[in-house]
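Please look at the sequence and the 3D structure together before reading on.

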Amino acid sequence: MKYRPSRRTRRFGIGAAAVLVLAGMNGPALYRFSSDKYHHYEINQPEYKARNGHWDVVNVPEEYRINTIHAALLHTGKVLLVAGSGNNAKNFAAKSFRSVLWDPERNTYKNIPTPKDLFCAGHTQLPDGKLLVAGGTQRYEKLEGDVEKAGGLMFVHNENPDKPKTFPAGTRFTGRRNGKTFESKDPVLVPRAKKTKGRKTGKVTVTASTARVYVEALRKGKRYQTGTEDNYRIQGLRGKDRQNFYGIAQKLSFDKKDFQGIKDAYEFDPVAERYVPVDPMHEARWYPTLTTLQDGRVLSVSGLDEIGQVVPGKNEIYDPRTNTWKYLPKQRFFPTYPALFLTDGGRIFYTGSNAGYGPDDKGRTPGVWDLKTNAFKTVPGISDPDVLETSMSVLLPPAQEQRYMVLGGGGVGEDPESTAKTRIVDLHEDRPRFRDGPKLYAKVRYPSSVILPDDTVLTTNGSGDYRGRGGSNVLRAEIYDPRTNTSRGVADPLVGRNYHSGALLLPDGRVMTFGSDSLFGDDANTKAGTFQQQIDLYTPPYLFRGARPTLADTAPRTLRRGATATYRARHASAIQRVRLIRPGSFTHVTNVEQRSIALDFITSGDSVSVRIPDDSSLVPPGWYMLTVVDDEGIPSKAVWVKVPASRGAAKH
């Protein structure tokens, strides 16, 4: 049989020959290039791009440049960029909250009115294509030394079983022993007391209810702080309310005050292009994770509450049909921004990745969580378990295999330690256990990983130390192939990206990267850092291999689970894979949305028929990108399709 080189081999050979000829004719000139010029020349060669891909800077007009903290791909093909106050206390004080809608295809922009400070909120895709955004910032942190007024937590009690009461911001509490007065910074609702009647004695017992609110002294100065617990009278009360309502506080001092969260929740409508308020959460949350469940409801977990403490295991579920929240009956504690993925049977897999706040010995062990029973089965074997904070987690493609990868990570808080370890677990094993994968390009916190349509994973950037401290930004990228369990370096990123950075797959197969919030602007840690507002686009190697397959956007837009649909596709006989990819929603090293699902398919002539798996825990309801990949690993542009909650035939 006569050997015939593939289209890819022929193209690569021709490109390489051309460069050899160029080098032979202009060898002396090449040596006269500066190293920067030669690097620019090298990375723009066709064969280099076909092997390593290419980075480009997005031209963002000045008026649309923001401190992008969150980014989510919408089913309109546009990307919602969210800054809120953008980790800028002056913006917060001025109530300057920003969101920008970017169209990558046309490179157009639109400022979106942003109702609250959605900085450090959680977000996830809803079944109808809206984006649920919940939580955010009520108050910025103040470090010890910057706190000007003594303050802390006031527990407000109610002994009246027949009457709840809301105390507005500015309510004053005066100590019965210390005589010092403190003022609440936010409104607080105190529920009615609980009344129970003994079964045998018939005796009625009243148990006081409790709510919490942050309070501050009225004036600056150390003499206004307190050192011991006291009972506080609430000013302005009359009659029996004076006895039924009261406050109790421990030390009210100048200790560091952490960020505080909000309860507010919104659905961003991609068609109307605006935020729509829905019922608030029961708990205020700053740094929460939102995970879409198999029926389209959303799990909200962790976060700092309205007084700056990690929510103590009170998790809740949002129902988009009623726009309401409901507590889970039992509690389970996680640190903030835990990586929680929907897995088989509607269970939740916690990889151990998280992005910050919480004790170093609680809620950090990986495992599978059954929401119905609250049972949690530990998954052992993860290496470097003490440096999982600010690690990245990804559901490896295809999602049917239920293999997860944890990449990099750092020590708790501002610990300088980081790791180059990757850890992989197969949840379909009889006894799942993490095992080490190939090492990353460097020891990094904050790496960003994106699933590509060809079943590989791009990982890029990060820093070796906390927030790039000590000039530790890493300008490296690599592509991991789950089939061979190998990684290889690709084109280096253009700028450093660490804390508050991320990446998303776009419908055309490219990857956008955004953000970075370095603590310092120099290697010596003497100058304050500035937020990286530049957005970059990475074009993977597969888009430099020639003509890509096409998938007609005229076929069914609604594909129900278990159903089959047929699409026109040029060169259908060359199709090797069909993938259904859920659009990403990325913030703080957390993107539990992204998953790539393998579809069974049959080709005939210039058409391809695809079947959606009949498993709601594998394919939760929502909008997806449908992509075909040919025999050279080149993906088509994606077609948007909607998978509803119910089963049935496809619809146009």
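The text goes through a group of strands, then charged residues, then some backbone details.

This is a predicted model, in which local features need pLDDT of at least 70 and side-chain atom pairs count only at pLDDT 80 or more, while totals for chains, interfaces and linings use all residues. Residues are numbered from 1 along each chain as its sequence is written, and side-chain values use heavy atoms, with hydrogens and water left out.

Begin with strand β23, which covers residues 298-301. Strands here are DSSP runs of E with at least two residues, and they are numbered from the N terminus. Val298 and Ser300 point one way from β23, whereas Leu299 and Val301 point the other way. These residues are all buried, a word that stands for under 20% relative accessible area; exposed stands for over 50%, and partly exposed for values in between (1.4 Å probe, protein chains only).

Strand β23 has a neighbour in β22 (residues 289-292), and the two run antiparallel, joined by four bridges. Two strands count as paired if DSSP finds at least two bridges between them. Thr291 has Leu299 of β23 as its bridge partner. The hairpin of β22 and β23 has five residues between the strands, and Gly296 in this hairpin takes a positive phi near 95°. Strand β23 is also joined to β24 (residues 316-319), again antiparallel, by three bridges. Here Leu299 stands opposite Ile317 in β24.

Next come the charged side chains. Side chains of opposite charge can pair when their charged atoms come close. A salt bridge is defined as a side-chain nitrogen of Lys or Arg within 4 Å of a carboxyl oxygen of Asp or Glu. How many salt bridges does this rule give? The count comes to 31.

One of them joins Arg65 to Glu62, with the closest N and O atoms 2.9 Å apart. Arg65 counts as partly exposed because its relative accessibility is 37%, and Glu62 counts as exposed because its relative accessible area is 55%.

Another salt bridge joins Lys421 to Asp436, where the closest N and O atoms are 3.7 Å apart. This pair links distant parts of the chain, 15 residues apart: Lys421 is in the loop between β31 (403-407) and β32 (422-426), and Asp436 is in strand β33 (residues 435-436). Lys421 is partly exposed at 21%, and Asp436 is partly exposed at 41%.

Asp517 and Arg467 also form a salt bridge, with the closest N and O atoms 3.4 Å apart. The two residues are 50 residues apart in the chain, with Asp517 in the loop between β39 (511-515) and β40 (536-539), and Arg467 in the loop between β35 (457-460) and β36 (477-481). Are these residues buried or exposed? Asp517 is buried, because its relative accessibility is 8%, and Arg467 is buried, because its relative accessible area is 12%.

The last topic is the backbone. Arg467 has a positive phi of about 50° although it is not a glycine. Asn461 lies in the loop between β35 and β36, and it has a positive phi of about 65° although it is not a glycine. Asn461 counts as buried because its relative accessible area is 2%. Finally, the peptide bond from Pro397 to Pro398 is cis, with omega near -10°. Pro398 is found in the loop between β30 (392-395) and β31.
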